Amino acid sequence: WGEVAMGFQNPIPGASKPEGYNFLMSVGVLPGVEINGRLATQDLQCNLYGLGDNPCREPIDRDLAASFKFGHSVELENGWRVSASIGTTDYGGAATFNRATYGVAGADKGSWSLALGYGKASRSGSPLKGAFGQLAWRPWDEVQLYSEWLDRRAYAGFQAFLPAKFSPENTRFYVGAMRQMHGAPGIVQRQSLSAGVTVQLDKPPAAKMPVKAWVPEPMKIGRAHV
């Protein structure tokens, strides 16, 4: 809690044209409570009314959506930390083509972490259908490698963080990439890129930050057809 995360991804899961602009902002408003807002669009110039230099002649997908998550984590005496969360994606907005509810549990120790969950999609565009999971390994503080199972497809990816000595206090910048390794093409692109920053505005009283249960990156983009 007290953390703000802002990110960008190039895929728009479930859209008629999967490539676009996918902006996310997440805020840990209270211990165990996280709210998210996301704007996805295929055209940054079109304002949906056909004004300006771009008259929006072609239909595009655009969605402004809100989501939230409730969770808790406990650190055990043997060094393991376990966590669990429940939440919903694409809860608000004019279009809710990616709405889903889910539960997820995770465990981590040292450089390894594992998360397993199950989602129930209310719309066909959501990738949170059935079981999903992630196994991640962080060999260095600046690099994380992971494998994901999502929408009955396997993915592999990495995140690279700017070293702390080059970043402002309580701030981390990152870039990442993910590629589909198994399964037929789905509503998530075979390849995707991401970038973002997290800022810790207020640290919890405890010395260690609570671990937030993981949720797949491409989880909550709805579609408004114009």
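Tutor: Begin with burial: a residue is buried under 20% relative accessible area, exposed over 50%, and partly exposed in between, using a 1.4 Å probe and protein chains only. At 39% relative accessibility, Glu 75 therefore counts as partly exposed.

Student: What kind of model is this, and how are residues numbered?

Tutor: This is a predicted model, where local features need pLDDT of at least 70, side-chain atom pairs count only at pLDDT 80 or more, and totals for chains, interfaces and linings use all residues. Residues are numbered from 1 along each chain as its sequence is written, and side-chain values use heavy atoms, with hydrogens and water left out.

Student: How many helices and strands does the protein chain have?

Tutor: Helices (H or I, at least four residues) and strands (E, at least two) are DSSP runs, numbered from the N terminus. In this protein chain there are 0 helices and 12 strands. Along the sequence the pattern is β-β-β-β-β-β-β-β-β-β-β-β.

Student: What share of the residues counts as buried?

Tutor: The protein chain has 226 residues, and 41% of them count as buried. As for surface, areas come from the Shrake-Rupley method with a 1.4 Å probe, and for residues only the protein chains shown count as cover. The chain exposes about 12,300 Å², with carbon and sulfur atoms supplying 62% of it.

Student: Which residues make up the largest nonpolar core?

Tutor: A nonpolar core is a set of buried Ala, Val, Leu, Ile, Met, Phe, Trp, Tyr and Cys residues joined through side-chain atoms within 4.5 Å. The largest one here has 11 residues: Ala 100, Tyr 102, Val 104, Ala 115, Leu 128, Phe 132, Ala 136, Tyr 146, Leu 150, Tyr 155 and Met 178. Strand E6 (100–109), strand E8 (130–140) and E9 each give two or more residues to this core. E6 has the largest share, with 3 residues.

Student: Which residues make the nonpolar surface patch?

Tutor: Patches are made of residues with over 30% relative accessible area and no salt bridge; like charges are joined within 9 Å, and nonpolar side chains (Val, Leu, Ile, Met, Phe, Trp, Tyr) within 5 Å. Trp 112, Leu 114, Leu 116, Leu 135, Trp 137, Leu 145 and Phe 158 make a nonpolar patch of about 670 Å². Two or more of its residues come from each of strand E7 (112–121) and E8. The largest share, 3 residues, is from E7. Phe 158 belongs to strand E10 and is partly exposed at 35% relative accessibility.

Student: What should I look for in a salt bridge?

Tutor: Side chains of opposite charge can pair when their charged atoms come close. The cut-off is a side-chain nitrogen of Lys or Arg within 4 Å of a carboxyl oxygen of Asp or Glu. A search of the whole structure finds 5 salt bridges. One of them joins the side chains of Arg 81 and Glu 75 (3.3 Å, N to O). Arg 81 is buried, with a relative accessible area of 12%.

Student: Where do residues other than glycine have a positive phi?

Tutor: Most residues other than glycine have a negative phi. Here, Arg 152 has a phi near 60°, and Asn 170 has a phi near 65°. Arg 152 sits in the loop between strand E9 (143–150) and strand E10 (153–161) and is exposed, with a relative accessible area of 61%. Asn 170 sits in the loop between E10 and strand E11 (171–182) and is partly exposed, at 35%.

Student: Which residues does Val 27 touch?

Tutor: Contact means heavy atoms within 4.5 Å. Leaving out residues up to four places away in sequence, Val 27 touches Glu 3, Val 4, Val 33, Glu 34 and Ile 35. Val 27 lies in strand E2 (residues 19–30).
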